[in-house]
Every structure is written in C-alpha cells, then in structure tokens.
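Good morning, and thank you for coming. Please look at the sequence and the structure on the screen, and I shall then take you through the chain step by step.

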Amino acid sequence: MSNSNLKKSKKKSKKTLSFKPIDNENNETTQKNKDEKKKDFLRRISSKEIIFMNEEEKEGYCVNKYDNGDAYFGYYAKDLRNFHGCYYYSPVSLDEEYQLTRCYLGLWKDDLRHGNGIYLWAKERKNEKFYENFDKSNFKAFAGNFVLDNLSRGTYLSKEGDYYYVYYGTFSEQNKKNGNNCLYFSSNLEQLLYGTFRDNEFVEGYISKFNEDGEIESMFEYKNNITQDIGVTQKKEIKNIMSDFRNCIMTEDYFGNIFEVFSRILKFKDKYLFNIDVINTTKYDDFIDICKSYKKVTINNDIEKYVKIN
C-alpha cells in the first residue's frame with residue numbers, strides 16, 4: 001500500500017455544480033421550506049448556475065469534475081473539500097487488460113481526508129465494471145479514522161478471489177500496519193495473529209489456528225523470531241479475544257457491505273456524474289445519502305462492541 005495511492009488531487013476544476021445542503025435544517029424548519037429548497041436546487045441545475053450557500057466562502061454541496069478525470073461530489077467550504085464527500089480517482093492503467101480503480105468516501109478537512117471514512121482500491125478488467133460481479137472482484141479497503149490524509153486507526157480488508165484478509169489496529173504515518181494489540185486474520189490459512197506490528201511485519205504476540213468449525217485448535221506465542229506452542233488451555237483471555245474477533249468479522253458480510261457501498265458510488269458516477277445535466281428530482285436525496293453512506297459500514301463499531309481487546 002504505497003503513499004502514491006493515497007495522494008489527493010490538487011488540480012482545479014473545470015466545472016462546478018453546487019447546491020445548498022438540506023441536512024442542516026433546525027427543528028423549526030418546516031417541510032414546506034425543505035421542498036422550496038429542493039425546487040430551488042432543481043431550478044439552479046436546469047439553468048446551469050454555479051451556486052454556493054455563501055458566495056464569499058463558496059460553501060455547499062457540489063459536483064466537481066477535474067481535468068485529469070477525477071471527480072468529487074460532496075460538501076465544499078471556503079473553496080475546499082470539507083465535511084462529507086466522495087472523491088473518485090480516474091482509473092490508472094496497470095497493463096493492457098487491467099486498471100486500478102480508487103474511491104474515498106468520508107469526512108474531509110481543508111482538502112485532506114480527516115475523520116471517519118473508507119478508502120477503496122480495486123483491480124478490475126478494463127472491459128468490465130467493478131460492481132458487476134462480487135464473486136470475481138478483487139479489492140482492498142480501509143474503513144476507519146484518517147488524520148490529515150493518512151490512515152490512523154481502523155480496519156484494513158482485502159479480498160482476493162474467495163479469500164479474505166482482515167487487519168484491525170493502528171497505522172504509521174507511512175500508512176503501514178504499526179502498533180500494539182493489533183489483529184490480523186487470514187481466511188485461506190485460517191490463522192489469526194494478535195500482538196505487535198511494525199512496518200507491516202508481525203514482530204511479537206500470539207498465533208492461533210482454527211479448524212473447520214471455527215474453533216481454535218492450536219495456539220502459539222511468538223517472540224524474538226521464536227514460536228512456542230502454548231496449547232489451547234493457556235492464555236484464556238487471549239484465546240477469547242482471538243475467537244471473538246474471528247467470529248465478529250466472519251458472522252457479518254462486511255466485504256459485501258463495502259462492495260455494495262462502492263458499487264452504488266460507481267453506478268452513480270457512471271450514470272450521472274459525467275452527465276450533470278440529467279440529474280433530476282429522483283437523484284437529489286440519493287446525492288446526499290451517498291455522501292454519508294460511509295456510516296453504513298459498521299465493522300469498527302462492531303469489533304469495539306464484541307471484542308474485548310486489552
């Protein structure tokens with residue numbers, strides 16, 4: 001996971017379309033006022049006006065198309081990406097057959113990813129769409145907290161065919177797995193690591209192997225490059241953490257959840273984002289909902305709730 005994949009675009013937009021947000025209404029705002037705002041938004045779109053809530057600070061939800069093929073749809077404040085929003089990166093060609101597709105969905109602070117969000121990157125065939133087949137899809141995603149454009153704490157998920165890999169913990173400023181009390185599960189090995197990671201390497205902690213029924217069949221302690229069998233009856237607290245983590249991430253379809261969220265984004269982009277003139281009344285609420293749909297990925301909250309990590 002290189003830093004180049006996480007760089008933000010600094011190119012200025014050629015075309016901007018924005019409208020006033022409807023989600024910040026106070027309790028005294030009537031439905032009639034909301035409907036009037038919605039009608040005003042539709043009028044501004046049909047007349048192709050470029051409108052912000054505050055013309056001085058250029059504030060409001062908007063759609064931006066960049067010269068390099070990138071796109072942003074979300075909230076702008078002080079002419080910068082802020083609050084909720086989705087950034088679509090123009091696909092990068094990997095070879096004649098494949099390309100890299102990337103999206104970020106979540107919170108922003110002055111053009112930087114900052115706060116809760118999801119970053120997805122997927123390898124897809126150039127003649128196919130990522131969202132057409134979940135079973136054939138291969139993608140990686142980070143769901144969690146960003147600090148000034150870098151991964152901070154959360155869950156890193158990777159899907160390679162039928163196999164899944166999940167890391168939960170903290171990251172370094174170089175976006176590498178780094179920290180104590182971190183967990184990493186590999187479905188093809190049915191193996192779970194719990195302990196300390198440094199620069200993407202597991203350096204100390206515990207290793208467990210699971211059987212076909214999802215129960216721990218062996219446990220090892222790993223330290224100073226030495227692996228020692230400690231049996232499944234020892235370290236009950238550690239065993240519970242590892243079992244609870246595996247059960248949590250395998251019970252719910254988090255990969256399918258993330259796939260669904262980003263498929264919706266890509267479908268919206270393909271159908272409407274580069275044809276702004278066709279956005280109509282049925283897409284107004286969809287636009288707002290998509291900007292906030294990162295909240296529908298609950299894996300971090302569930303882990304914190306069900307896994308009692310030291």
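Of the 310 residues in the protein chain, 47% are buried. Buried here means under 20% relative accessible area, exposed means over 50%, and partly exposed is in between, with a 1.4 Å probe and protein chains only. Please note that this is a predicted model, in which local features need pLDDT of at least 70 and side-chain atom pairs count only at pLDDT 80 or more, while totals for chains, interfaces and linings use all residues. Residues are numbered from 1 along each chain as its sequence is written, and side-chain values use heavy atoms, with hydrogens and water left out.

The protein chain contains five helices and 14 strands. These are DSSP runs numbered from the N terminus: helices are H or I with at least four residues, and strands are E with at least two.

Let us turn to the interior. In soluble globular proteins, nonpolar side chains tend to be buried together. A nonpolar core is a set of buried Ala, Val, Leu, Ile, Met, Phe, Trp, Tyr and Cys residues joined through side-chain atoms within 4.5 Å. Which residues have the most contacts inside the largest nonpolar core? They are Phe245, Phe262 and Ile265, in a core of 53 residues. Helix α3, residues 254-273, gives the largest share of this core, with nine residues. Apart from this core lies another, of 23 residues, including Cys62, Leu100, Phe142 and Ile207.

Contact means heavy atoms within 4.5 Å. If we leave aside neighbours within four places in sequence, Phe262 is in contact with Cys103, Leu105, Ile118, Leu120 and Phe130.

Next, consider Thr101, which is found in strand β5. Thr101 counts as buried because its relative accessibility is 2%. Its side chain is joined to that of Glu124 by a polar contact of 2.4 Å. A polar contact is a pair of N or O atoms within 3.5 Å; within protein, one must be able to donate a hydrogen and the other to accept it, and residues adjacent in sequence count only if both atoms are side-chain atoms.

Is Asp111 buried or exposed? Asp111 counts as buried, because its relative accessibility is 17%. The side chain of Asp111 reaches the backbone nitrogen of Arg81 at 2.8 Å. Asp110 is found in the loop between β5 and β6 as well, but Asp110 counts as partly exposed, at 42% relative accessibility.

Most residues other than glycine have a negative phi, and most peptide bonds are trans. Asp110, although not a glycine, has a positive phi of about 50 degrees. Asn225 is not a glycine either, and its phi is positive, at about 65 degrees. Asn225 sits in the loop between β13 (216-223) and β14 (226-229), and is exposed, with a relative accessible area of 67%.

Finally, Lys78 lies in the loop between β3 (71-77) and β4 (80-93). Lys78 is exposed, because its relative accessible area is 58%. From C-alpha to C-alpha, Lys78 and Glu59 are 6.2 Å apart in space, and they are 19 residues apart in sequence.

Thank you for your attention.
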